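Colleague: I would like to learn how to read a model of this kind, one feature at a time. Could you take me through it slowly?

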Amino acid sequence: MNQAATLKKWKENIMAEDEMFTSARTAPKPAVNPRVMCFSSGKGGVGKTSMVTNIALAMAKLGNRVLILDADLGLANVDVILGLSPRYSIKHLFSGEKTLEEILVQGPGGIQILPSGSGVPELVNLSEGEKLMLLSEMERLESPPEIMLIDTAAGIADNVLYFNIAARQRVVVVTPEPTSITDAYALIKVLSGRHQIRDFMILVNWVRNEQEARKVFKQLSAVADRFLGMLRLLYIGYIPRDTAISRAVRQQKPALELYPDSKACKQFINVAENILNTENQCRDDGNIKFFWKQLLGI
Ligand SMILES: Nc1ncnc2c1ncn2[C@@H]1O[C@H](COP(=O)(O)OP(=O)(O)OP(=O)(O)O)[C@@H](O)[C@H]1O
Ligand SMILES: [Mg+2]
């Protein structure tokens with residue numbers, strides 16, 4: 001199936017799901033309301049994976065069960081940054097060789113990682129049977145995650161859009177570099193223009209201080225306001241430029257574990273709290289099951 005056809009298929013699935021879930025929304029709320037958040041950036045190398053891993057750990061420290069879906073096929077992905085070597089990926093689930101429980105990798109601080117390996121393209125084009133299998137495996141997990149963070153690849157490739165559409169909340173990582181701001185804008189433009197997504201959380205990385213971060217946020221929201229109309233861009237904080245992050249990457253451990261007192265790590269906790277505090281803005285359908293149904297189009 002070519003790219004245009006794939007996108008069309010997702011769109012149709014997602015529209016059908018939306019209708020289905022409009023009626024489902026009136027059903028009683030589940031006891032827990034797990035949340036799915038997709039991190040992306042437009043431009044590569046701006047710190048997505050470092051943000052996702054440390055924010056995941058911060059959320060775990062704040063008492064949440066967190067799962068990272070590594071949806072990036074790039075080299076410096078989550079398992080590399082965390083020094084893990086997953087033996088299996090989601091592919092082994094579909095081939096029937098492993099259960100989801102067996103594929104999940106235990107990371108630091110109790111976080112779990114679901115490695116997609118080279119399975120991201122397959123995730124986009126699963127057969128009906130595979131979709132049902134993944135969904136039922138998700139439901140069978142002994143301790144299902146309360147929060148799921150998705151680390152995506154750079155750019156606005158199909159699968160990046162796909163995860164953004166399926167997730168309930170989106171974090172756009174941006175740095176003061178002009179190309180990062182224009183690429184973040186391009187991502188927001190595609191998601192709002194083609195997919196009617198209106199809410200974005202903005203995380204500013206690699207700044208000297210909060211003042212610089214606020215300036216970057218203002219620049220991005222000014223241009224979004226001017227050209228894209230009614231969007232809700234929410235500033236959720238900043239991470240300073242800090243060698244604790246690059247040193248930790250080299251040591252293949254999360255900065256929050258190695259350098260908890262660093263400037264960056266204090267902000268990771270702040271940002272995690274800020275994101276968790278947006279909970280009330282989250283719709284009832286922002287749960288894991290909804291995500292998978294949305295993602296899988298069933
Ligand atoms: N605030 C920061 N201060 C210092 N170094 C940083 C900061 N944020 C990220 N880095 C460094 O930048 C590099 C790229 O970060 P990372 O791999 O997290 O980016 P990415 O957006 O996931 O990249 P890709 O688009 O390739 O997936 C890493 O070596 C990391 O150490
Ligand atoms: Mg990355």
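Modeller: Let us begin with what "near" means: a residue is near a molecule or strand if its C-beta atom, placed from the backbone, lies within 6 Å of it. Please keep in mind that this is a predicted model, in which local features need pLDDT of at least 70 and side-chain atom pairs count only at pLDDT 80 or more, while totals for chains, interfaces and linings use all residues. Residues are numbered from 1 along each chain as its sequence is written, and chains are lettered from A and ligands numbered from 1 in the order in which they are written.

Colleague: Which residues come nearest to ligand 1?

Modeller: There are 21 residues around ligand 1, and those that come nearest are Gly44, Gly47, Lys48, Thr49 and Ser50. Helices (H or I, at least four residues) and strands (E, at least two) are DSSP runs, numbered from the N terminus, and the elements giving two or more residues to this shell are helix 2 (48–61), strand 7 (199–207) and helix 11 (243–251).

Colleague: How do I read the order of the strands in a sheet?

Modeller: Two strands pair if DSSP finds at least two bridges between them. Here eight strands form an open sheet with mixed pairing, in the order 3-4-2-5-1-6-7-8. Strand 3 and strand 8 (232–240) stand at the edges with a single partner strand each, so one side of each is left without a neighbour in the sheet.

Colleague: In which sense, parallel or antiparallel, does strand 4 pair with strand 2, and in which with strand 3?

Modeller: With strand 2 (residues 66–71) the pairing is parallel, over four bridges, whereas with strand 3 (residues 105–106) it is antiparallel, over two bridges. Glutamine 112 in strand 4 is the bridge partner of leucine 67, and glutamine 112 is also the bridge partner of glutamine 106. The hairpin of strand 3 and strand 4 has five residues between the strands, and there glycine 109 takes a positive phi near 60°.

Colleague: What should I look for on the two faces of a strand?

Modeller: In a regular strand the side chains alternate between the two faces of the sheet. A residue is called buried if 20 or more other C-beta atoms lie within 10 Å of its own, exposed if 12 or fewer, and partly exposed in between, with C-beta atoms placed from the backbone.

Colleague: Where is glutamine 252 placed, and is it buried or exposed?

Modeller: Glutamine 252 sits in the loop between helix 11 and helix 12, and it is exposed, with 12 other C-beta atoms within 10 Å. Although glutamine 252 is not a glycine, it has a positive phi of about 55°.
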